[in-house]
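Morning, everyone. Please have a look at the next structure, and then I'll walk you through it.

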Amino acid sequence: MRISTLGYSIKQGFKNIGRNKLFSIASVATMAACIFLFGLFFSIATNFSYMLKNIETNVGVTVFFDEGLDQASIEMIGQEIVGMTEIVKEVNYVSADEAWESFSNKYFEGNEAAAEGFKNNQDNPLANSAHYEVFVYDIDEQDSLVEHIKTLDGVRKVEQSQQASNTLSTVNRLISTVSIIIILILLAVSIFLISNTITVGIAVRREEIAIMKYIGATNFFVRLPFVLEGIIIGLIGAAIPLVVLYFLYQQAVTYILDRFSVLQDFMNGLLPVNQVFVWLVPIGLILGVGIGLVGSIITIRKHLKA
Amino acid sequence: MITLKNVSKSYVQGSKALADVDLHIDKGEFVFVVGASGSGKTTFIKLLLKEIDPTSGSIIINDQQLERMPRRKIPKYRRGVGVVFQDFRLLKDRNVYENVAFAQRVIEKPTKVIKKRVPEVLTLVGLAEKYRSFPKELSGGEQQRVALARAIVNRPEILLADEPTGNLDPQNAVEIMKLLEEINSRGTTVVVVTHNREIVNSMRKRVVRLKKGVIISDEKEGVYVED
């Protein structure tokens, strides 16, 4: 194929879109909605995965001891855990007093009376909450570590971050499922609309196509502008939502971290925009071009038989 | 050049549009194929363009057997056959230059060649001055000349003209026929399908008469007389 042919076909592709404005706009709009939703769910899903990972590694495992266990036994347990150097990254001892201090700072900050009221003249409401915080290198090792610690003498309870991560996993799965269904529906609508747009384009150019064939145009030459039309619609339909999402994402991250500082504290915040879009942009564009290609090729096969 | 052997064509309804037609046209000939409507003229043109295939018989053009030609070879075959129609079939949204250039664009000629060749043929058909006009700004005769320019721009060996003067007044009709003669004199085989008696009789070329799908006469320097 000559470069001039490609240039000619691209020009014709744009011309088709121009001649057929309403249909083209409808196609681009649906495609944009499809890619927008895809991008939205993609951003949410990747952030959930990111949070999940952070929660898992940051919260770690909490080891509580039998009531009234003496300090020496506690230290023995500590040494046992620290000894597993291949799995354990860090072990912190938190005494009951420290646990209370941290708790009251967090929940009764600037309200000493309330803290005292909660304490209700006990020495320390969290008297049995002395514990080790154990962090692992690899989250996959956590389960076996927990099993091992549970077998140690004097250990009352081992808490894992599983609850939080399980909840997030469930939410993540739900969002993924819902988004996949919505995206599939929009995908079908996009393909349908592109197909309609190109059908109208072919109808408008019937005479021209007939003349082309009399003159000796190959099928490839006749079809190329319509394929390119689909690709162009796909590209525009993908580029618009990606740009919008890029700015929206930055705004959303700032807003969310502002409102829910807990996210920042516990989960290392949200993914920076570039880290999400380095994947989202190519995937979105490929999706757009793919939808355009599929839409145009089905139509051409149907209406431009050799 | 063009050989039809026992060619018959029936459409679905059963009646034969062409029946056992034998015809040979040499390279460089100028031939009129004449007859009333329903005589099989249009079927004849469609067969030569390989728009349709014969029900039986064989069509050989430039040593290629049309009914055996695979679909993918049709475009290349058609590049060797120029065609003009009664209704011109120009692209209304493109000017004269673009309409002619289109034929070269379609067969992927380089832009450099197009820029040289299109003005040449427009000069030949006498429309060099009007290259920027759009079809609706031209008379019928001028539109047919654009169509002719488009048909010959790729230097086909055969030029088929389907009622080329059907929509033209006598003076324009004569002009078009002169052009066809000019094109023929440069070596192109010209086949004109028509029912315009004055034109045929004034030119004294080979005349093949069709009636109800059968050749009823084939004369050199013939005339078109009442059926």
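**Sheet, helices and chain contact**

Start with helix 6 of chain A, residues 142-150. Helix 6 lies across strand 1, strand 3 and strand 4 of chain A, at about 165 degrees to strand 4. Some ground rules. This is a predicted model, where local features need pLDDT of at least 70, side-chain atom pairs count only at pLDDT 80 or more, and totals for chains, interfaces and linings use all residues. Residues are numbered from 1 along each chain as its sequence is written, while chains are lettered from A and ligands numbered from 1 in the order in which they are written. Helices (H or I, at least four residues) and strands (E, at least two) are DSSP runs, numbered from the N terminus. Angles run from 0 to 180 degrees between N-to-C directions, with axes fitted to C-alpha atoms, for helices over the stretch in contact.

Helix 3 of chain A, residues 71-82, lies across strands 1, 2, 3 and 4 of chain A. Helix 3 runs at about 165 degrees to strand 2.

Now the sheet. In chain A, 4 strands form an open sheet, order 2-3-1-4, with antiparallel pairing (strands pair if DSSP finds at least two bridges between them). Strand 2 (88-94) and strand 4 (155-159) of chain A are the edges, each pairing on one side only. Strand 1 (61-65) and strand 3 (131-136) of chain A share 4 bridges. There, A:Val61 has A:Val134 as its bridge partner.

Which chains meet? Chain B gives 16 residues to the contact and chain A gives 15 residues (contact: C-beta atoms, placed from the backbone, within 7 Å).

Notes. Two residues are in contact if their C-beta atoms, placed from the backbone, lie within 7 Å.
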